[in-house]
Amino acid sequence: MSINQDEFKQALRRWASGVTIVTTKAADDQPAGMTVSSFSSVSAEPPLVLVCINTDSSNAEAIMESGVFAVNILETDQADLSGTFASSKTHEERFRETAWSEGVSGAPLLDGCTANLDCALVQKVQAGSHWVFVGEVQAVRSQDGAPLLYFDGGYRKLQA
Ligand SMILES: Cc1cc2nc3c(=O)[nH]c(=O)nc-3n(C[C@H](O)[C@H](O)[C@H](O)COP(=O)(O)O)c2cc1C
């Protein structure tokens, strides 16, 4: 039995999430990345997380080729950066708008995020239009700060 696509999308708009930028190293060693809200923790021992990336995105190929990715959890004032990494801008243009440094895996870690999870790709599953990438966290850093939220097609801030 197939469900109505609009009803499916409408139901998913009810889900509130944080916002991340998933970064990786492209074939030419240049930084690559995109905005991703389909992120989840998976396991503490070993430390695993997952992200879902559209198979059409060049980032998917770059993650599979490099075998590394980082999940950069956005702070409440980084909505513009989220927009940049979800736009038609080139990767070079996207990274020009933010400061970053290379993590132990080689994936770019963005400054100003509430957390950066530096991962080695350990498993991948194709599910419909997306790849589900499971990463084992190799290094982590976090700092205090409110999260950027996404709900009903728009950015939100956590209310005290
Ligand atoms: C808030 C937000 C969340 C997003 N989450 C995802 C996601 O989880 N997976 C995905 O494949 N694309 C997601 N996108 C869309 C991609 O960021 C967008 O298509 C981006 O341009 C893809 O990068 P590319 O152009 O380098 O392929 C999201 C966009 C926004 C604005």
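Which residues does T114 touch, not counting residues up to four places away in sequence? T114 touches I73, L74, E75, R141, S142, Q143, G145 and A146, where contact means heavy atoms within 4.5 Å. The structure is a predicted model, in which local features need pLDDT of at least 70 and side-chain atom pairs count only at pLDDT 80 or more, while totals for chains, interfaces and linings use all residues. Residues are numbered from 1 along each chain as its sequence is written, and side-chain values use heavy atoms, with hydrogens and water left out.

**Overall fold**

- The chain contains four helices and twelve strands; helices (H or I, at least four residues) and strands (E, at least two) are DSSP runs, numbered from the N terminus.
- The radius of gyration of the chain is 15 Å, close to the 15 Å that the globule rule gives for 160 residues, so the chain is as compact as a globular protein of that length. The radius is taken over C-alpha atoms, and the globule rule is 2.2 Å times the number of residues to the power 0.38.
- Along the principal axes, the C-alpha atoms of the chain fill a box of roughly 45 × 40 × 35 Å.
- Of the 160 residues in the chain, 38% are buried. Buried means under 20% relative accessible area, exposed over 50%, and partly exposed in between (1.4 Å probe, protein chains only).
- Among contacts in the chain between residues at least 6 apart in sequence, 64% join residues at least 24 apart.
- The chain exposes about 9100 Å², of which carbon and sulfur atoms supply 50%. Accessible areas come from the Shrake-Rupley method with a 1.4 Å probe, and for residues only the protein chains shown count as cover.

**Ligand surroundings**

- There are 19 residues around the ligand, and T35, S38, C52, N54 and S57 come nearest; a residue is near a molecule if one of its heavy atoms lies within 4 Å of it.
- A polar side-chain atom of S38 lies 2.5 Å from an oxygen atom of the ligand. A polar contact is a pair of N or O atoms within 3.5 Å; within protein, one must be able to donate a hydrogen and the other to accept it, and residues adjacent in sequence count only if both atoms are side-chain atoms.
- In the side chain of N59, an N or O atom is 2.9 Å from an oxygen atom of the ligand.
- A86 places a backbone N or O atom 3.4 Å from an oxygen atom of the ligand.
- The ligand taken alone exposes 630 Å², and the protein buries 74% of that.
- Two or more residues of the shell around the ligand come from each of strand 3 (31-36), strand 5 (48-54), helix 2 (58-66) and helix 4 (91-96).
- By class, the shell holds eight nonpolar, ten polar and one charged residues. Ala, Val, Leu, Ile, Met, Phe, Trp, Tyr, Cys and Pro count as nonpolar, Asp, Glu, Lys and Arg as charged, and the others, Gly among them, as polar.

**S38**

- S38 is placed in the loop between strand 3 and strand 4 (39-43) and is partly exposed, with a relative accessible area of 30%.
- Leaving aside neighbours within four places in sequence, S38 is in contact with L50, V51 and C52.
- A polar atom of the S38 side chain lies 3.0 Å from the backbone oxygen of C52.
- S38 and Q10 are 28 residues apart along the chain, and their C-alpha atoms are separated by 16 Å.

**Buried threonines**

- T84 is found in helix 3 (residues 79-84) and counts as buried at 7% relative accessibility.
- The side chains of T84 and E97 make a polar contact (2.9 Å).
- With neighbours within four places in sequence left aside, T84 is in contact with K89, R94 and E97.
- T114 lies in the loop between strand 8 (108-110) and strand 9 (115-127) and is buried, with a relative accessible area of 10%.

**Backbone features**

- E45 and P46 are joined by a cis peptide bond, with omega about 5°; P46 is found in the loop between strand 4 and strand 5.
- D29 has a positive phi of about 70° although it is not a glycine. D29 lies in the loop between strand 2 (20-25) and strand 3 and is exposed, with a relative accessible area of 53%.
- D152, also not a glycine, has a positive phi of about 55°. D152 lies in the loop between strand 11 (148-151) and strand 12 (154-157) and counts as partly exposed at 28% relative accessibility.
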